[in-house]
Amino acid sequence: MKIFIYLSLSVLFSLSAFSKDEPKKLKSVFTKTAAKQEIFDSFAYPATVEAVVNAIVLSESQGIVESISSPLGYAVKGNQNLVKIRHTDPIYKYKPVTLKAPVSGVVSQVFVSVGSLVSKGQKILQVTDPSKVKVKIEVGAKDLQFIKKGLVGSFTSKANDSVIKLKVLGVSPFVNPATGTASAELELIDTKAKLIPGVLGKVVFKSNVHEGFVFVENAIYYVGKKTYVRQTELKDEKYLVKKVEVKLGQKRRGQVEILSGLKEGMMVIERASGFLPEGAEVAIGNLPKKEEVKEEVKDKKVKKASKAKAKI
Amino acid sequence: MKGLYSSPFRVYLCLFALAIAGIWAGTELPISLYPNSSKPTIYANVSYGSSSSEEFLQNYGARIESTLEAISTGSLEVEELVAKYGTSSVGYNIEFEWGADPKEALREVQGLLNGLSGTWPKEVRDSLGVNFWSKSSGFIAISFFSQERSLDELYDILEPLLVPKLAKVSDAEGASLWNPNRKEVRIELDIEAMAQLGLFPRNIDEALKSAQSSYFGGSVLVGTTKLSIQMPRDLNNLSDLENLLIPTPKGNLVHLSDIAHIDQGPSSGHNRIFKTNGAESLILFANPRTGGNVKRMAEEILQIVEEVKPQLPSDVEFRNLVDPSEFIRESVKNVIHEVFLAAGLAVIVLFIFLGSFKNTITAAIEIPLSMVLAFLMMKLTGMNLNLISLGGLALSAGMNVDASVVVMENIFRHFEKVTGPLNYSQRMQIVVRAVKEVMGPVVASTIASLVVFLPLAFTSDLTNAILGDLAKAVVFSHGFSAFVALILVPTIRLHLMKGEKGVEPPKSPINGSLVKLENGYANLLRKFITSKIVKWLTVLSVMGAFAVLLITVLPKLKKEIIGTPDTDWMILAVNTSGNTNIRQMETTSSIEEARLLEKFGTDINYTFVQIQGANRSTIMARLKKKEDMSRVWKAMETEFQNSPTTYFWVGPWNPAELPLPDPPHMKAIVRGGSDEDRKLLAKGAINLLQEKEIFSRQWTESGVDRVENIQVLAKRELWPLLYKEGVRFSPYDLSDLARVASEGRNLGDVSIDQKTYPIRLSFPEGTMSSMEDLKALPIGVGDKILPLSALGDVSLVQSKPVIYRVNGRDQIILMAKEKKGEESKKEESFKAAKLAIAEFEKNAAEELGLTTKPQIYFEDAESELNGALKQLGMAIGMSILLIFLTLLLQFGSFAHTLIVLLAVPLGIMGVLGSLFAFSSTLSLNSALGIILLNGIAVANSILLVDFIKKLVSEGMVPLEAAILAGQKRLRPILITSLTTILGMLPIALGSGEGGKILQPLGIAVSGGLWLSTFLTLFLVPMFEVLYLDWKRKKDFKLPRPNQNVDETKDPLIPATEDVMIEGQL
């Protein structure tokens, strides 16, 4: 009899041990609080910097270059002597002619050398004023509705470290049928900024600037043709998952604009450690103000990593 | 026969020659880890070139599919054709029926596709690749590393030493030393300069190609010698590359260095890192060619590495990550060990019962000889030496002495009757008579114990593929044992007798105890049969125990296809999301590796890490002891939990595991409807399964996630005018430019300072990080610089889903699986999933906004496995039926036959009990054990029943007849049972490499036989007495004494016992 009692007791005990479920480990999530931010479309074009003043000096007559008084890179003032050319035609009695700088600037190209025989109308020199530049872009016909006079863009190039603000000065009303583009000219807003003529860079314009919500694509959850995001709701000190239907806007740089369905302050789940069924309790891995702590942990881990490796 | 035995040296010579041939055959047998346990599958891959997946499918794909599907030659038959049309290429998996020769299949597919490729564009034709890779053949992997040297230095040291030698390993296919960090020549283009000059990547490619060739300028006859005129190639070193002249559209020539930065460095496109103990490593990898000897290959490669070792600097280390020869060597050693152990145990049993050392040796010689002869047959039938067939040889070792014992015993018995000296011809006559007498029974009993394997030949190909080799090995070696017993044993006996005078039958050293045992057993049996209570209580309890075993134990037994050997590799797979650079993954991976080492460092011998990409890495840890595996596995699973950014997978990895089909537990097919709707429905169903958490894992074949691509549509209408303006680039150049700007492009190899490097053309990193960057790519047209968007419309589009076709039909397959260790839940989960999906499908069209009607069909995912198991069950039934028919022929009575067959359920009881007691599994091998056991177990009861019947027919009372029969037959029953049980013991213990595979078989046979023997000794005589008494009462007369007992004897009575009893009478 005793044995029977012991047996039944042990069976009961083992049954109770089985029925006690292990506490299930919560899935962890990273959330981002919904907050409106500036959203815009951007248009980018390759842009060439050109000098506003860029004069080419031509030979006025046929002759031989006698001397070049302003070599390449020489800063000249308007009317300053540049080159002396001696007539080869006896009619002019081999009289030397001096070519003068039409504008102030720097000699940017010299096409001839002393002793060269030049003909009338031949390119001799180029004088450029580097302090006054403009930027030229080619705008596709489709984009012409956005690129208007006065639109502000930012210019970047390898030659410049900083971003330079530009303003559209004018757009050609003519679309070149071969390229399908119209040329547009831009000027520097900050006249002190330095751009080197001839450099190729990129101009980016913002358009359609407005406020809105954006989230990473991971946050979007598709059911058929409907789209949802998951948010966490605090109930009885527990974070529960709730699906919210949303309408998606455009995708820009890996982020999706959410047009409707969201309210400011909602905690939207961006990443999760596993699939999240509706109503599941989750642990939030990135509750605010824990960022620094995480960084520290990571540092420690790296240190440990190197230590452990040293052990091996 | 006389002639045979009279010339012993001729017999020895013949057998010696056969044995030599057998040994030769043994060394010539192809060696692989396992028999081929998967259907031969050929993989073919084709790139679309410039067409899209749909265009390709329409123009060429459908034709390819129908051609491949129709392959049907005499021995080749396509079972399933899966075609997967991705974004840029299509893969075909052509699965052939079982038994197809992979080499032939490969040739056939290659031939067909080459024939079809005649009409394909050249680009597509060149991309065609067809290959076969068998998982069961094994591979070798060795990592080389140094804590002090860079990978390139290491490669430069190892490459000249290893690579030429590796090329000579004839069994290997593509043995190579792989440097994941291989240097390349990088040409980083200046995007602005390119645009301003109006250049495209193509211009550089063309200039490079022409500079790399050397030109032949004919030849001149100078005097009598002919001198050829040559213009050597321009490109020999990096500065030549810098000075390479590129023609511009404006008619100038510029140096490459003016428009690009050129240097040599680690491959920027490299997407893999290997690390051994934290040091970046090179990998030597080789797999055997089809039909090659993987053991010889691995040994040759290891030998090369050992030869090279003294020439390596001391800091260069290597680790054999996977060495198949080690597994094979170990298991061969193990099998030999087991064979010796089994033979040794059998010999001890023989010696204890027979008493003579010489005779014991004569019987034992059969074990190695029949094995060597089996090699000959294996060679003739084209078998492999592998873990399974070697196991079969070990298995039969214990059974193989039986025939010799019988023959020898009968010879003794015949000499026992004669007294006085005999001359040679008299002795010869006696031996011939003795052998002739047992020849029938020996052959018959051997056939009887082999006939049980017959139904196996008709089982499904999966069972046959796995067990066929084992069954064949047993059949061959056991079959030869009868042959050897009839030829060699009498010859040796006769030969030995030359020196012996009289023939004293040898006495067992434990004869006294045996006699006591026999008497004790007789007394016990008498009490058992006469006491009604004990008798019926025993019967009832045996029946009860059988029922309990069937109801409670059978379902509890773990089921598996085949046992898996232990492994010392644990895998921790790390997946992240959002990394863009492989170096980021390297950091994550080393953090996790450190965590692993911190927690489990004491269990781990070394680690090997593969970083496969920016978001994937695999940390492999080699444990110090295999026994620690399950403990470490569990602990690792709790330690590494998923986080929102990092996902882990923990599991063991066994390079020596038999590759078996690994079907999902649920398989449903989405068919019909439009591509888009099919995808939506599949996605919905998968989401549902995930949400309900029915299975632990679910996935789809051919993805259902949304895929977006950037599309560039060239504005072709601009080109006529552009051409007029002198523009010479084509719309194709736009995509080429985008490709170089985004991911770079390889321009083939270049020889720099007599070494070959790949050339990579790219733009500086970060040139393209968004779609806006792509739109703004500058292109020089005349004097203008245009954005790419001016020449082509750039937009984000939903890309076409991957087209997944099975046997020519579009479909998406939903699959789900339970976690390892929770497989028992699968049936319940399957039902739940089926219900949930049916419910979901009702409203799916509305909820998901479907316009067409795709449907979900469930399929039996495990049909092949279930079929195999079912057929195996039928094979067991068939083998019992075969035994039944044999017995019916022998006894001519249903009652006796059924009583003899009592041994079968008793044996099965023993099998279930011992499988449960030793926590072994119900597997193909334990089923085979049951088949084998049936053949052996009935032999004991045949002995008893046959003898009782004979005694009763001679006029004895059934009770006395049963007791006498039991007493007299105890000894032979014990000999055969003990030799078999002890012979299987080493296998049942399952020690050593690969031992786990056959363990259930050993446990089944030895456990089952043990119980069956013990119970047979009591229950069979009891039922015989009951039946004979009942029959006597019914007939009211004694059975008519049968004068001609010998004539009624059926040749199928197992001979051992028969002869021995006669001797003892």
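Tutor: Two strands count as paired if DSSP finds at least two bridges between them, and strands themselves are DSSP E runs of at least two residues, while helices are H or I runs of at least four, all numbered from the N terminus. Before we start: this is a predicted model, where local features need pLDDT of at least 70, side-chain atom pairs count only at pLDDT 80 or more, and totals for chains, interfaces and linings use all residues. Residues are numbered from 1 along each chain as its sequence is written, with chains lettered from A and ligands numbered from 1 in the order in which they are written.

Student: What makes strand 21 and strand 32 of chain B a pair?

Tutor: They share five bridges in the antiparallel sense, and the rule asks for at least two, so they pair. One link in strand 32 of chain B is Q855(B), the bridge partner of R671(B).

Student: Why are strand 22 and strand 32 of chain B said to stand at the edges?

Tutor: The open sheet runs 22-31-21-32 in chain B, with antiparallel pairing. Strand 22 (697–701) and strand 32 (855–859) each have a single partner strand, so one side of each lacks a neighbour in the sheet. On average, neighbouring strands here are turned by 20° against each other, direction ignored (axes are lines fitted to C-alpha atoms, for helices over the stretch in contact, and angles run from 0 to 180 degrees between N-to-C directions).

Student: Which helix lies across strand 21, strand 22, strand 31 and strand 32 of chain B?

Tutor: Helix 23 (residues 675–692) of chain B does, at about 10° to strand 31 (812–817) of chain B.

Student: What pairing does the sheet 12-7-25-24 of chain B have?

Tutor: That open sheet of four strands is mixed. Its edges are strand 12 (260–266) and strand 24 (745–752) of chain B, again because each has a single partner strand. Strand 7 (residues 183–189) and strand 12 of chain B run antiparallel, joined by seven bridges; in strand 12, Q264(B) is the bridge partner of V185(B).

Student: What shows that the span of helix 11 of chain B agrees with its residue count?

Tutor: The expected span is 1.5 Å times one less than the number of residues. For the 15 residues of helix 11 (294–308) that gives 21 Å, and the end C-alpha atoms are 21 Å apart, so the two agree.

Student: Which residues of helix 11 of chain B are called buried?

Tutor: Among them are V294(B), M297(B), I301(B) and V305(B), along with the charged K295(B), E299(B) and E300(B). Buried means 20 or more other C-beta atoms within 10 Å of the residue's own (exposed is 12 or fewer, partly exposed in between, with C-beta atoms placed from the backbone). Their cover includes strand 5 (140–146) and helix 12 (324–354) of chain B. Across chain B, 44% of the 1065 residues are buried; in chain A, 26% of 312 are.

Student: How many residues of chain B are in contact with chain A?

Tutor: 48 residues of chain B meet 41 of chain A, contact being C-beta atoms, placed from the backbone, within 7 Å. Chain B's side has 18 nonpolar, 16 polar and 14 charged residues (nonpolar: Ala, Val, Leu, Ile, Met, Phe, Trp, Tyr, Cys, Pro; charged: Asp, Glu, Lys, Arg; polar: the others, Gly among them).

Student: Where in chain A is confidence lowest?

Tutor: In helix 1 (residues 2–19) of chain A, at a mean pLDDT of 48, on the predictor's per-residue confidence scale from 0 to 100. Over residues 11–22 of chain A the pLDDT is below 50, and beyond near neighbours in sequence that stretch has zero contacts in the model. Chain A as a whole averages 81.

Definitions and conventions
Contact = placed C-beta atoms within 7 Å.
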